[in-house]
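User: I would like to learn how to read a model of two chains, beginning with a single residue and ending with the contact between the chains. Could you take me through it step by step?

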Amino acid sequence: MGRKLLFDKAHIEGIRYYDVYRANGGYGSAEKALKSMSPDQVLDEVKKSGLRGRGGAGFPTGMKWSFIAKPEGVPRYLVCNADESEPGTFKDRYLMEFLPHLLIEGLLISSYTLGCNSCYIYIRGEYAWIPDILEEAIADAKKNGWLGKNIQGTGFDLEIYVQRGAGAYICGEETALIESLEGKRGNPRIKPPFPAVKGLWDCPTVVNNVETLATVVPILRIGGEEYAKYGTGKSTGTKLISACGNINKPGVYEIEMNISVEEFIYSDEYCGGIANGKRLKACIPGGSSVPILPANLLLKTAKGEPRMMTYESLADGGFATGTMLGSGGFIVLDEDQCIVKNTLTFARFYHHESCGQCSPCREGTGWMKRVLLNIENGKGKMSDIDLLWDIQRKIEGNTICPLGDAAAWPVAAAIRHFRDEFEWHVLHPEEATKRNYGLAHYADPLEIAAPAAV
Amino acid sequence: MFSEEKLNKVKEIIARYPAGKQKSALIPVLHLAQEVSGGWLSSETMDYVASLLQITPIEVYEVATFYSMFNLQPVGQYVFEVCQTGPCMLRGSDNIIDYIKKKLDIGVGQTTKDGLFTLKTVECLGACGYAPMMQLGKHYREHLTPEKVDAIIEECRSKAN
């Protein structure tokens with residue numbers, strides 16, 4: 001069994017309630033931080049832990065915290081990003097539903113470190129039943145002196161509020177989230193200024209993912225150095241992976257970042273293999289926006305080394321032959337799945353979720369969707385494949401926020417690795433509407449990935 | 001439009017933000033307004049929300065039109081919001097959508113003649129491991145099969161009667 005740091009007590013009955021959580025050592029890390037450490041000492045532990053943002057970008061959390069501006073007399077805010085909307089990702093939902101006090105304890109320690117007295121949990125609107133769970137937990141924490149004024153006699157004050165969104169993927173982007181929290185459309189802001197300087201209501205703000213903030217609790221419990229001994233290299237600690245698609249055991253798993261992709265998919269401890277005795281065709285290991293990999297490149301890198309569940313190993317080979325750990329939304333496709341159809345659903349998703357500010361994204365996502373729909377419906381032309389490649393290249397890097405990139409990458413990777421399947425759809429339109437292509441013959445990724453002359 | 005209880009709730013929400021930042025309450029208050037207005041927001045309802053928060057109506061419209069959870073047209077008493085994004089598609093959401101269409105004799109975006117059901121397709125709701133799924137009111141219905149859909153329809157009908 002892999003070592004657990006977040007889910008180590010998840011099996012205890014009633015752990016979602018204050019009394020059980022506290023009786024099992026809960027709020028011990030907060031007690032240690034608030035009573036025996038200065039904010040800078042806590043920050044130091046987080047830096048030593050090597051913790052990287054668990055929302056998808058993987059930016060070092062300690063470094064992000066150290067950027068927060070501290071002008072005299074201006075409030076600072078911590079915002080917990082619970083907008084979890086990346087297709088394939090449902091880990092934060094599990095944490096909030098079943099371990100709400102772990103998150104609250106993490107928010108308390110993080111707010112103390114950053115010097116924030118108000119903290120907002122921005123949760124996606126569709127998770128409509130979770131705010132009740134969180135608010136009950138907040139009320140219980142407050143009743144027991146862990147929130148409110150003069151927490152545990154330390155003189156530190158903190159209030160936590162839960163705010164629901166209303167159905168917009170883009171609000172997971174930190175500046176769009178801040179706009180939404182201010183009661184506006186979720187249009188991302190141009191950076192700089194970064195939220196650490198000018199965020200919520202123009203005040204210094206840190207926005208972190210749910211899992212990131214919850215992880216601060218075990219870091220304080222065992223110490224940053226000890227935490228960094230978990231995992232591999234710069235991928236320290238454990239990561240929550242939400243596994244879905246054609247596997248035997250979909251669900252949320254905590255893994256130590258030292259196991260192979262093969263072990264994760266096939267071992268009974270995790271996904272339990274491909275469902276219905278089918279073969280693995282492809283996988284999107286980090287949420288819909290990261291490049292899809294065919295089975296051969298997923299299990300082994302281009303160098304022939306086993307692919308590991310770490311930030312570095314999944315990214316090995318760059319986009320030509322690698323992918324990203326992203327948010328840990330692990331989507332598995334079996335041999336009966338159609339890459340064109342799958343890519344079409346993602347293109348439709350990003351078109352639906354584009355905020356519309358930047359024309360490359362607003363127009364390009366809809367264009368890609370329409371071209372993919374034609375190919376899927378047997379009305380595609382060979383030139384459409386190159387057209388798709390061309391459109392995605394013109395979106396990537398040309399937008400205010402990373403939604404443009406997120407929309408471009410799945411299309412690019414599908415063509416890079418499964419060009420043969422796209423061509424088959426175009427050449428056999430009748431057949432393509434009746435059956436699936438099956439396992440890929442695999443395009444040569446290096447050849448396709450070479451940039452076309454511009 | 002709001003009851004005394006809902007007005008107190010609005011006050012409580014506004015108190016979460018610094019003075020003068022009551023516009024931040026807009027999305028939570030629109031959720032409340034939609035709840036008490038049959039599941040959708042008319043321009044009268046939005047104007048009422050604007051007056052409550054002391055902001056201009058256009059500030060409400062631009063937000064209500066941006067977020068997909070706000071319905072700007074009347075909807076049925078029960079709205080089936082079926083996810084159709086990749087992970088749900090891989091687990092057969094297309095069949096579920098087709099089944100609901102046939103069963104209720106409506107297309108996507110339509111409401112049954114008795115005003116009971118509306119079918120909507122939505123993008124990823126974060127339940128990928130429990131696919132196929134749909135949102136029904138405040139809760140998720142997961143691991144959908146035609147039999148489960150039948151049971152849900154029956155359940156709604158019996159509650160409505």
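Analyst: We can start with burial: R93(A) counts as buried because its relative accessibility is 7%, where buried means under 20% relative accessible area, exposed over 50% and partly exposed in between, with a 1.4 Å probe and protein chains only. Please keep in mind that this is a predicted model, in which local features need pLDDT of at least 70 and side-chain atom pairs count only at pLDDT 80 or more, while totals for chains, interfaces and linings use all residues. Residues are numbered from 1 along each chain as its sequence is written, chains are lettered from A and ligands numbered from 1 in the order in which they are written, and side-chain values use heavy atoms, with hydrogens and water left out.

User: Where does R93(A) lie, and which residues does R93(A) touch?

Analyst: R93(A) belongs to helix α5 of chain A, residues 91-98; helices (H or I, at least four residues) and strands (E, at least two) are DSSP runs numbered from the N terminus. Contact means heavy atoms within 4.5 Å, and, when residues up to four places away in sequence are not counted, R93(A) touches E84(A), Y127(A), W129(A) and I130(A) in chain A, together with G126(B), A127(B), Y130(B), Y140(B) and E142(B) in chain B.

User: Which polar partners does the side chain of R93(A) have in chain B?

Analyst: A polar contact is a pair of N or O atoms within 3.5 Å; within protein, one must be able to donate a hydrogen and the other to accept it, and residues adjacent in sequence count only if both atoms are side-chain atoms. The side chain of R93(A) makes such a contact with the side chain of E142(B) at 2.8 Å, and the R93(A) side chain also reaches the backbone oxygen of G126(B) at 3.3 Å.

User: Is E126(A) buried or exposed, and what surrounds E126(A)?

Analyst: E126(A), in the loop between β2 and α7 of chain A, counts as buried because its relative accessibility is 7%. Its side chain makes a polar contact with the side chain of R124(A) at 3.0 Å. Leaving aside neighbours within four places in sequence, E126(A) is in contact with G167(A) and, from chain B, with M69(B), L125(B), Q135(B) and Y140(B).

User: How should I read the interface of chain A and chain B as a whole?

Analyst: The size of an interface is often given as the accessible area lost when the parts come together. Buried area here is the accessible area (1.4 Å probe) that two parts lose on being put together, summed over both, and chain A and chain B bury about 3,900 Å² between them, 57% of it on carbon and sulfur atoms. In chain A, A166(A), R185(A) and W201(A) lose the most area to chain B, together 16% of what that side buries. By contact, 57 residues of chain A meet 40 residues of chain B.

User: How many salt bridges cross the interface, and which element of chain A gives the most residues to that side?

Analyst: A salt bridge is a side-chain nitrogen of Lys or Arg within 4 Å of a carboxyl oxygen of Asp or Glu, and the rule finds five across the interface of chain A and chain B. The side chains of R16(B) and E135(A) meet in a salt bridge at 3.8 Å, N to O. Several elements of chain A each supply at least two residues of the side that touches chain B, among them β2 (118-123), α7 (130-143) and α15 (339-353), and α15(A) gives the most, with eight residues.
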